[in-house]
Amino acid sequence: MKCGLVLKSVGYKSIPVDGLPFDHRKGIVPNVRGRVLSEASEDAQVEKGLYVCGWLKRGPTGIIATNLYCAEETVASISEDVERGVVTSRSGLSKPGREGLLQLLDSRNVKIVPFGGWEKIDSEEKRRGSLKNKPREKLTSWQDLLEVATK
């Protein structure tokens, strides 16, 4: 039997996010169904309005579809909290949305890669893969990713 494709999984370990509790042993933000906990202990309290999903929620496990179920669980927790009034707006004003997020990220000096940058990364990985008769050759360093994304 011939095999047409072999995928190698790249190792991953979450890193702490400033302002969030982090379980260094498990490499996750402590949580219950996506609701962030104040610490990694049995006495931890839920941090109102903070949620997590993906590998930062459960560790580097599962397949691509696992992220879908993981996100659905977190979204269900958010929906429950909204319905119960646990999560509410602090004012009657509308949220700043995308522009507010971009301003916040800029104020924290967080570099973002817009969709166009991701498309450049995707194209370059496919180009490099074709040189090796592979579907893609992953860029594995932040420096390489950002260099390609900003060309």
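Here are a few worked exercises on this predicted model.

**Exercise 1. Which domains does the domain assignment give, and how far apart do their C-alpha centres lie?**

Then take the C-alpha centres of domain 1 and domain 2, which sit 27 Å apart.

**Exercise 2. Work out the strand order of the open sheet, and say which strands are at its edges**.

Step one is the order: three strands run β1-β2-β3, and the pairing is antiparallel. As a reminder, strands in a sheet pair through backbone hydrogen bonds, either parallel or antiparallel.

Step two is the edges. β1 (31–32) and β3 (46–51) each pair on one side only, which makes them the edge strands.

Step three looks at one pairing in detail. β2, residues 35–37, meets β3 in the antiparallel sense over two bridges. For a landmark, find L37 and look across to V46 in β3, which stands opposite.

**Exercise 3. Which strands does helix α2 touch, and what angle does its direction make with that of β3?**

Pick out α2 at residues 64–83 and follow it onto the sheet: the helix packs there, touching β2 and β3. Now compare directions, and you get about 115° between α2 and β3.

**Exercise 4. R33 and N109 have positive phi without being glycine; where do they lie, and are they buried or exposed?**

Take R33 to begin with. Its phi is near 50°, and its place is the loop between β1 and β2. The relative accessibility of R33 is 34%, so this residue counts as partly exposed, since that class runs between 20% and 50%.

Now N109, with phi of about 60°. This residue belongs to the loop between α3 (97–107) and α4 (115–131). Here the relative accessibility is 58%, so N109 counts as exposed; the cut-off for that is over 50%.

**Exercise 5. How many aromatic pairs are there, and what is the geometry between F115 and W118?**

The count comes to one aromatic pair. In it, the rings of F115 and W118 are 5.6 Å apart centre to centre, with 20° between the planes. Planes under 30 degrees apart count as stacked, so F115 and W118 form a stacked pair.

Where does the pair lie? Both residues are in helix α4, three residues apart, or about one turn of the helix.

Finish with accessibility. F115 counts as exposed because its relative accessibility is 57%, while W118, at 43%, counts as partly exposed.

Notes
Residues are numbered from 1 along each chain as its sequence is written. This is a predicted model: local features need pLDDT of at least 70, side-chain atom pairs count only at pLDDT 80 or more; totals for chains, interfaces and linings use all residues. Side-chain values use heavy atoms; hydrogens and water are left out. Domain bounds come from an automatic or database domain assignment. Two strands pair if DSSP finds at least two bridges between them. Helices (H or I, at least four residues) and strands (E, at least two) are DSSP runs, numbered from the N terminus. Contact means heavy atoms within 4.5 Å. Axes are lines fitted to C-alpha atoms, for helices over the stretch in contact, and angles run from 0 to 180 degrees between N-to-C directions. Buried means under 20% relative accessible area, exposed over 50%, partly exposed in between (1.4 Å probe, protein chains only). Rings of Phe, Tyr and Trp (its six-membered ring) pair if their centres lie within 6.5 Å; planes under 30 degrees apart count as stacked, over 60 as edge-to-face and the rest as tilted.
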